[in-house]
Amino acid sequence: PSSTPIENFPYTNGTVRAIAVASDGSVYVGGSFTEIGGISRNRLAKVLPDNTVDQNFNPNITNGVVFSITLSSDSSIIYASGNFT
């Protein structure tokens with residue numbers, strides 16, 4: 001792991017509390033944000049390897065905060081936990 005920021009990674013309008021990297025290089029980001037890279041995404045988003053927000057992934061967690069993200073070994077299942085319903 002590195003604490004060096006990823007160049008051109010999309011900014012969020014809130015706090016990021018969880019990150020998980022998928023086998024294809026995509027990054028799942030969770031927290032208390034409602035926007036990432038200028039696109040509306042409530043608390044959970046997928047950023048593609050080219051640092052664009054995945055337009056097809058929008059679980060729309062409308063309340064609470066995502067504190068943890070875990071992926072299955074082949075990244076086909078995403079587990080998000082936090083204080084949301």
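Biologist: Taking buried to mean under 20% relative accessible area, exposed over 50% and partly exposed in between (1.4 Å probe, protein chains only), are Lys-46 and Asp-54 buried or exposed?

Modeller: Both Lys-46 and Asp-54 are buried. Please keep in mind that this is a predicted model, in which local features need pLDDT of at least 70 and side-chain atom pairs count only at pLDDT 80 or more, while totals for chains, interfaces and linings use all residues. Residues are numbered from 1 along each chain as its sequence is written, and side-chain values use heavy atoms, with hydrogens and water left out.

Biologist: OK, and how many salt bridges does the structure hold?

Modeller: There is one salt bridge in the structure, a term that requires a side-chain nitrogen of Lys or Arg within 4 Å of a carboxyl oxygen of Asp or Glu. Its partners are Lys-46 and Asp-54, whose closest N and O atoms are 3.6 Å apart.

Biologist: Switching topic, where is Thr-52 found?

Modeller: Thr-52 sits in the loop between β5 (44-47) and β6 (66-71), where strands (E, at least two residues) and helices (H or I, at least four) are DSSP runs numbered from the N terminus. With a relative accessible area of 36%, Thr-52 is partly exposed.

Biologist: And what is Thr-52 in contact with, beyond its neighbours within four places in sequence?

Modeller: Leaving those neighbours aside, Thr-52 is in contact (heavy atoms within 4.5 Å) with Lys-46 and Val-47. The side chain of Thr-52 also makes a polar contact with the side chain of Asp-50, at 2.6 Å; that term covers a pair of N or O atoms within 3.5 Å where, within protein, one must be able to donate a hydrogen and the other to accept it, and residues adjacent in sequence count only if both atoms are side-chain atoms.

Biologist: What about aromatics, how many pairs does a search of the whole structure find?

Modeller: The search finds one aromatic pair. The ring centres of Tyr-28 and Phe-57 are 5.3 Å apart and their planes are at 75 degrees, so the pair is edge-to-face; rings of Phe, Tyr and Trp (its six-membered ring) pair if their centres lie within 6.5 Å, with planes under 30 degrees apart counted as stacked, over 60 as edge-to-face and the rest as tilted.

Biologist: Why does that pair tie together parts that are 29 residues apart in sequence?

Modeller: Because Tyr-28 lies in strand β2 (residues 27-31) whereas Phe-57 lies in the loop between β5 and β6. Tyr-28 and Phe-57 are both buried.
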